[in-house]
Amino acid sequence: MHTSRTLTLARLPSGVPIRTTVHAYGEGRLVDGDDGPVLDAPDDAPVVYAQAAQHGREVNGTAVLRRLHDRLTGDAAGGSGTGGAGLADGPSAADLDGTLVTVPVADPLTFDRVSYTTPESLDSRQPNMNRCWPGDPEGSLHERMAARLWAFASEADAIVDLHTGSPSMATHAVYMRGDDACRGLAEAFGTDLLLAEAAGDDADTEWDERGFAGKLRVAATREGIPTITPELAHSKEIVPEAVETGVSGTLGALRHEGLLDGDPEPWDGVVARNHLGRVIAGDSGLFVPDPDLAVGDRVAAGERVGEVFDPTTFETLQVARVDRDGIAYSVAREATVTAGATLVGVAERIDGE
């Protein structure tokens with residue numbers, strides 16, 4: 001069974017509503033409540049919540065949920081644009097022993113602007129929606145939107161928050177370090193690289209100061225809901241390979257949670273510590289990464305990864321070197337950089353985690 005409903009998240013100053021669509025597949029269904037749609041699902045069956053486009057330029061997750069919709073409903077219309085061959089193959093909504101709830105566009109404000117954050121005129125307090133979970137029904141626009149979606153996410157037994165990196169970032173999934181349920185969900189999603197991220201009292205000072213406690217993944221995990229954030233390759237562009245990774249990963253998560261028969265594919269990848277290992281531009285200029293450096297490469301402390309030079313005098317301003325052993329999960333490919341920009345992201349490998 002599939003049902004969908006329009007959900008009003010908040011209102012613009014003009015009174016125009018900010019709307020999105022919620023879908024439910026399987027045993028549960030969306031029904032009209034006093035304040036909008038609500039989920040009516042069996043108490044004894046698992047619920048998985050998946051959302052995409054919390055940052056509006058990150059569109060591959062939306063394409064993933066479209067592909068899943070096509071598979072679960074048997075509707076192959078328009079699938080070829082997202083690598084849609086064989087949409088009729090695989091499970092249908094009738095095969096789900098539980099309920100999958102999806103929100104393909106979590107943040108219409110940034111989606112319409114193809115942006116990561118909202119302009120100050122719309123939300124000066126929380127321009128990034130992924131910093132204010134579980135939200136506040138009487139707060140700023142993003143806080144109200146998060147609170148409205150939290151009503152669905154908080155009912156789930158597991159959450160997949162689909163995001164998108166950049167062409168210069170390795171595909172990976174982030175989970176809460178030290179949480180076995182989150183780790184199991186991340187392994188079931190199946191990306192080769194998993195990033196374990198601490199939060200709260202266990203977080204590094206820099207990480208905590210960057211305000212990441214308000215991420216959906218952190219808020220949900222603290223409520224006992226295993227949550228992962230897959231980061232698929234490429235922003236602003238629908239890439240068939242990224243979509244296929246997201247589809248197969250989400251199906252793995254559904255198997256892990258018991259909504260589908262069978263077990264996820266065995267995982268044999270790498271676990272690394274979160275994003276704090278950053279090679280920073282010491283000055284503004286043009287950055288040239290070393291030609292042999294590729295995303296996913298292992299790097300050693302002190303290893304040269306590129307240089308920043310002055311475009312007017314040609315003087316080398318910085319020989320960029322990593323400060324720790326790890327995996328280069330991102331490499332800046334846009335040459336013009338300003339002081340303080342991240343040139344290379346290094347994730348520290350965790351053995352035995």
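Two strands count as paired here if DSSP finds at least two bridges between them. That rule is handy for the first two views of this predicted model.

**Figure 1. Strand β13 pairs with strand β20 in an open sheet.** Where does β13 sit in its sheet, at an edge or in the middle? The sheet is open and built from four strands in the order β13-β20-β18-β15, with antiparallel pairing. β13 (277–280) and β15 (298–299) are the edge strands; each has a single partner strand, so one side of each lacks a neighbour in the sheet. Between β13 and β20 (residues 342–347) there are four bridges, and the two strands pair in the antiparallel sense.

**Figure 2. Strands β14 and β16 meet inside another open sheet.** Here four strands follow the order β17-β16-β14-β19, and the pairing is again antiparallel. At the edges are β17 (316–321) and β19 (336–337), each of which pairs on one side only. β14 (residues 285–289) and β16 (residues 304–309) run antiparallel and are joined by four bridges.

**Figure 3. The largest pocket draws its lining from several strands.** If you are thinking about grids and probes, this view may be a welcome stop. The largest pocket holds about 1100 Å³ of space. It is lined by 38 residues, and those closest to its centre are Arg 57, Gly 165, Ser 166, Met 169 and Ser 330. Two or more lining residues come from each of β8 (163–164), β9 (172–176), β11 (227–232), β18 (326–331), β19 and β20. Which element gives the largest share of this lining? It is β18, with three residues. Sorted by class, the lining of the largest pocket has 12 nonpolar, 14 polar and 12 charged residues.

**Figure 4. The second largest pocket is lined in part by helices α4 and α7.** This pocket contains about 220 Å³ of space. Among its 17 lining residues, Ala 188, Phe 189, Gly 190, Thr 191 and Glu 265 are the closest to the centre. Helices α4 (180–189) and α7 (240–256) each supply at least two residues of the lining, and α7 gives the most, with five. By class, the lining of the second largest pocket has five nonpolar, seven polar and five charged residues.

Figure 5. What does Leu 254 touch, once residues up to four places away in sequence are set aside? Its partners are Val 48, Leu 96, Leu 100, Leu 259 and Leu 260.

**Figure 6. His 69 is a buried residue of helix α1.** His 69 lies in α1. Is this side of the story buried or exposed for His 69? Its relative accessibility is 18%, so His 69 counts as buried, the cut-off being under 20%. Leaving out neighbours within four places in sequence, His 69 is in contact with His 2, His 23, Tyr 25 and Gly 74.

Figure 7. The peptide bond from Trp 133 to Pro 134 is cis, with omega near 10°, and Pro 134 is found in the loop between α2 (108–113) and α3 (141–153). In the loop between β5 and α1 you will find Ala 53, which has a positive phi of about 55° although it is not a glycine. Ala 53 counts as buried because its relative accessibility is 0%. Phe 314, in the loop between β16 and β17, also is not a glycine and has a positive phi, of about 70°. With a relative accessibility of 64%, Phe 314 counts as exposed.

Notes: Residues are numbered from 1 along each chain as its sequence is written. This is a predicted model: local features need pLDDT of at least 70, side-chain atom pairs count only at pLDDT 80 or more; totals for chains, interfaces and linings use all residues. Side-chain values use heavy atoms; hydrogens and water are left out. On a 1 Å grid over the protein atoms alone, a cavity is a set of points where a 1.4 Å probe fits but cannot get out, and a pocket is an open set with protein on both sides within 12 Å along at least five of seven lines; lining residues have an atom within 4 Å of a point. Grid points are joined across faces, edges and corners, and a volume is the space filled by probe spheres set on the points. Ala, Val, Leu, Ile, Met, Phe, Trp, Tyr, Cys and Pro count as nonpolar, Asp, Glu, Lys and Arg as charged, and the others, Gly among them, as polar. Contact means heavy atoms within 4.5 Å. Buried means under 20% relative accessible area, exposed over 50%, partly exposed in between (1.4 Å probe, protein chains only).
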